[in-house]
Amino acid sequence: MPDIDKGIADYITGHRTGVLATQRKAGAAQLTLIAYQFDGSSLAISTRGLSQKAKNLRRRPEASM
């Protein structure tokens, strides 16, 4: 993972929820409220394999938070 700006890392560390943006099959964005864990360099989320966000990520692995 590339170096993260300290201000961004501090913000992410100070929170536990965010919005994950994935792309639907037709191209529209799907926004999902998620809980995450951040250790200072890696961001982890947990999701069920059958969820729409998981399907979107398998099809197109790009995402934004």
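The legends below describe a predicted model of one protein chain, in which local features need pLDDT of at least 70, side-chain atom pairs count only at pLDDT 80 or more, and totals for chains, interfaces and linings use all residues. Residues are numbered from 1 along each chain as its sequence is written, and side-chain values use heavy atoms, with hydrogens and water left out.

**View 1. Helices and strands of the protein chain.** The chain has two helices and three strands, in the order α-β-β-β-α from the N terminus. Helices (H or I, at least four residues) and strands (E, at least two) are DSSP runs, numbered from the N terminus. Along the principal axes, the C-alpha atoms fill a box of roughly 35 × 20 × 15 Å.

View 2. Serine 51 lies in the loop between strand S3 (43-45) and helix H2 (52-59). Serine 51 has a relative accessible area of 8% and is therefore buried; buried means under 20% relative accessible area, with a 1.4 Å probe and protein chains only. The side chain of serine 51 reaches the backbone oxygen of arginine 48 at 3.0 Å.

View 3. Of its 65 residues, 22% count as buried. Among contacts (heavy atoms within 4.5 Å) with a separation of 6 or more, 43% join residues 24 or more positions apart.

**View 4. Charges of the protein chain.** The mean positions of the 10 positive and 5 negative charges are 20 Å apart. Lys and Arg count as positive and Asp and Glu as negative, while His and the chain ends are not counted. Each charge is placed at NZ of Lys, CZ of Arg, CG of Asp or CD of Glu.

Definitions and conventions
Buried means under 20% relative accessible area, exposed over 50%, partly exposed in between (1.4 Å probe, protein chains only). A polar contact is a pair of N or O atoms within 3.5 Å; within protein, one must be able to donate a hydrogen and the other to accept it, and residues adjacent in sequence count only if both atoms are side-chain atoms.
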